[in-house]
Amino acid sequence: MKNQDGKSIVFQAGFWFFVVLILVFSLFPFLYALLSSFRPSNELFSTELWPKTLTFEHYLAVFANPRFVQSLVNSIIVAGSTVLIALVFGSLCAYALGRLPFRFKGLALYTILLMTMFPQIAVLSGLFVMLKTLGLFNTRPGLILTYFIFSMPFTIWVMTQYFRSLPKELEEAAYVDGASPLAVFWQVLLPLTVPGMISTGLLAFIGAWNEFLFALTFTVTDDMKTVPVVISQFTGVSAYEQPWGSIMAASMVVTIPLLILVMFFQRRIVAGLTAGAVKG
Amino acid sequence: MARGGIDLYDRQRRLAWILIVPAVLIVVGVIGYPLLQVIVYSFMEYKLDGVTPATFVGLNNYLFVLTDPEWWRAVYNTLVFSVFSVTIETVLGLLVALVANAQFKGRTFFRIAILVPWAIPTVVSSQIWKWMFNDVYGVVNVLLANLNLIPEKVAWLATPETALPVIIAVDVWKTTPFMALLILAGLQTIPSDMYEAGAIDGATGVKTFFYLTLPFIMPTLLVALIFRTLDALRVFDIFYIMVGGRGDMATMSTYNQLQLIDFLDAGVGSATSVIILLFIMFFVVIYTRFSKTSFQ
């Protein structure tokens, strides 16, 4: 029998079972890591699920570790610069592709879409030699340069979708008033794409912040490594003993700001992620 | 008026070129040029030690890779990983998306919570799961032992037979939210009157799903599948962190990176890159064939 909503009790129970199951599966590893990061060293290897006392020792250790602090600075510089430069050149290009007449538009868009799927590994040796030749190997600018591989095509693709979605009447009115194409971009369309830029920028930032392969391959000294590389190379007193408390604390330090961003901009991020992938 | 229109058109076209050129230059600089170099190096004996001069060796590097059992092991690992992770992620993603699309109390919290695994850097998630599956102190072994489900603690990451499923689980955990979001966006484009029409025709829940919902989101699902497969085929981070350095647990990407960085062999490394690229292009062609309509 069905109740007023047209759903049976069994269906309701099954539905909530799934909701809880999905939530536990999604959140458990993160919460377990969070708990581990507050677990005292002497209890870390106890098999009790809940520690007797909680401690900040791992966080203090992590922030007293110059390698980790330097890697945070490096990651902020590299990811931040990558996103800013990609947004400037990517948005200009996207305006042209989304709004201006251009002969090879279809081909250009298809090429950009293919590039968003381009495997980074395929140019690893070429970039390695190129960075060495340019004297940019093991430098932050070198890393930023290589990050354009994924941030530029992504920014252009998503921003083009945004420019396309804006109503035509706005710019037509401006053109009738005698505005130049550049003025139309600057004064009419750009302000409207700010939400798009925020979501694109956030996603590009997350991509650059999390990038591992290039950072691992193109940096060698501690003063140039980014966060993922340093977290992957955390070692304890001996090579066989991994300092799990510190690893978990460091992991939380680099993850929680991202999670806060995601919570605040959930709608924008989802909009950016799905732009272009879904055609209504 | 007509003159003005032509002027404007010309000015727009000129501006388009000016705006596109810088982006094209950057992309050519970081993708086009290195890619050409990779193709050239792949035919050369080229060590990155800065001592040995590079020489042309024809197809030798390709022969080396294609006759190396470790390479084929890496191809096998990558394919097993890709097939299982993408399939499970699609099914679970669909399920999560259907739940997230329903009306219920706490839906916003639910939608944010499922994003958590996706927002965590892959290196971090790999470390977390490596800790969870630690053979002595990991929570998984502790729980299973407490429940008497295993006679003794399992060294999950020590053999490919148990490590591969764990690695697939990490990827499923991390990437299902992405699949769910894409599918959810597709679900939200279904007009509600379609469901009403279906209900009038007497369609039940299961029928509605297979005859209405699924066909409608098929294009979205295909695009999501393409993105995910290409992503899975180039997997690097999870394997490198969780089982890095083991010859029998390599993927195509970790094999390639090992040749280039640990053995400083740009020749073999580049040949591997070209093979991977051809491999992935093959998938792109097949997929775009199958989903022409959704690809424009």
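## Packing of helix α14 of chain A

In this predicted model, the buried residues of α14(A) pack against α7 (140–165), α10 (194–210) and α13 (244–264) of chain A together with α8 (160–187) of chain B. Helix α14 spans residues 266–274, and its buried residues are Arg268(A), Ile269(A), Gly272(A), Leu273(A) and Thr274(A). A residue is buried if 20 or more other C-beta atoms, placed from the backbone, lie within 10 Å of its own, exposed if 12 or fewer, and partly exposed in between. Helices are DSSP runs (H or I, at least four residues) numbered from the N terminus.

Local features need pLDDT of at least 70 and side-chain atom pairs pLDDT 80 or more, while totals for chains, interfaces and linings use all residues. Residues are numbered from 1 along each chain as its sequence is written, and chains are lettered from A in the order in which they are written.

## A contact in the core

Cys93(A) is among the residues that touch the most other members of the largest nonpolar core, which has 156 residues. Such a core is a set of buried Ala, Val, Leu, Ile, Met, Phe, Trp, Tyr and Cys residues joined through C-beta atoms within 7 Å. Beyond its neighbours within four places in sequence, Cys93(A) contacts Ile156(A), Leu19(B), Ile20(B) and Ala23(B); contact means C-beta atoms, placed from the backbone, within 7 Å.

## Positive phi in two loops

Asn138(A), in the loop between α6 and α7 of chain A, has phi near 60 degrees, a positive value in a residue other than glycine. Leu264(B) has phi near 50 degrees and is found in the loop between α12 and α13 (266–290) of chain B.

Notes: Two residues are in contact if their C-beta atoms, placed from the backbone, lie within 7 Å.
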